[in-house]
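Dear colleague,

Please find below the structure that I am handing over to you, followed by an account of what was found in it.

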Amino acid sequence: MTRHRSNALVPELSVSDWRKSCDFYCELIGFDIVYDRPDEGFAFLALGQAQLMIDQIGVGRDFALPDGASPAYPFGRGLNLQIEVPSSGAILTRLQAAGVPLQLEPEDKWYRRGDHEVGNRQFIVADPDGYLLRLFEHLGERPLPL
């Protein structure tokens, strides 16, 4: 059995439909299932160095929300997960073929990091529960503009 080492921080997303989320993340985005527990509605997913867990609400153990509130769509309000991908083009093609709308159209964006800039080709898509994913491919680095 191959051991898998998880990152120091791995988000676990509560989802309404485990199978639908697995299909979205694996078939459309390109994640692989590292391991799963279907009877608990749980999967640990990886794409390159990116890792996340999905866990179906109401199956297995749930974590209580403050004041006994129920989760409501869209989940993860105010949070977007930045995920590096090898190629955004193939993912965009699969999302378009599946009729999944984008929250932010593809763009090339340069961000200042110290004495230089780093580039991202990025877009944002919502998963089936409304979690926002900012998928990006690295465009390299360049000096700050004068």
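Please note that the model is a predicted one. Val-118 has a relative accessible area of 5%; because this lies under the 20% cut-off, Val-118 counts as buried. Its surroundings can be listed: leaving aside residues up to four places away in sequence, Val-118 touches Lys-109, Trp-110, Tyr-111, Arg-113, His-138, Gly-140 and Glu-141. Asp-108 is ten residues away from Val-118 along the chain, and the C-alpha atoms of the two are separated by 10 Å.

The sheet around β7

Strand β7 covers residues 116-126 and belongs to an open sheet of four strands, in the order β5-β8-β7-β6, with mixed pairing. At the edges are β5 (80-84) and β6 (102-113), each of which pairs on one side only. On average, neighbouring strands here are turned by 30° against each other, direction ignored. Strands β6 and β7 run antiparallel and are joined by nine bridges. In this sheet, Leu-102 stands opposite Val-125 of β7.

Five bridges link β2 and β3 in the antiparallel sense, and Arg-37 stands opposite Phe-42 in β3.

The helices

Helix α2 (residues 88-97) lies across β6, β7 and β8 (132-143) and runs at about 15° to β7. How do the axes of α1 (residues 18-29) and α2 cross? They come within 9 Å and cross at roughly 125°, which means that α1 is oblique to α2. The contact is made by Phe-24, Glu-27, Leu-28 and Ile-29 of α1, together with Ile-91, Arg-94 and Leu-95 of α2. By class, this contact has five nonpolar, no polar and two charged residues.

In soluble globular proteins, nonpolar side chains tend to be buried together. In this model, the largest nonpolar core has 27 residues, of which Tyr-25, Ile-29, Phe-31, Ile-54, Ile-83 and Leu-135 touch the most other members. At least two residues of this core come from each of β1 (12-15), α1, β3 (42-47), β4 (50-56), β5, α2, β7 and β8. The largest share, six residues, is supplied by α1. One core member, Ile-54, has contacts that include Leu-13, Val-15, Trp-18, Tyr-25, Phe-42 and Leu-45, not counting residues up to four places away in sequence.

The protein as a whole

What is the order of the elements from the N terminus on? They run β-α-β-β-β-β-α-β-β-β, with two helices and eight strands in the protein. Of its 146 residues, 36% count as buried. Among contacts between residues at least 6 apart in sequence, 53% join residues at least 24 apart. The C-alpha trace spans about 55 × 40 × 35 Å along its principal axes.

With kind regards

Methods
Residues are numbered from 1 along each chain as its sequence is written. This is a predicted model: local features need pLDDT of at least 70, side-chain atom pairs count only at pLDDT 80 or more; totals for chains, interfaces and linings use all residues. Side-chain values use heavy atoms; hydrogens and water are left out. Two strands pair if DSSP finds at least two bridges between them. Axes are lines fitted to C-alpha atoms, for helices over the stretch in contact, and angles run from 0 to 180 degrees between N-to-C directions. Contact means heavy atoms within 4.5 Å. Angles under 35 degrees count as roughly parallel, over 145 as roughly antiparallel, 65 to 115 as roughly perpendicular and the rest as oblique. Ala, Val, Leu, Ile, Met, Phe, Trp, Tyr, Cys and Pro count as nonpolar, Asp, Glu, Lys and Arg as charged, and the others, Gly among them, as polar. A nonpolar core is a set of buried Ala, Val, Leu, Ile, Met, Phe, Trp, Tyr and Cys residues joined through side-chain atoms within 4.5 Å. Buried means under 20% relative accessible area, exposed over 50%, partly exposed in between (1.4 Å probe, protein chains only).
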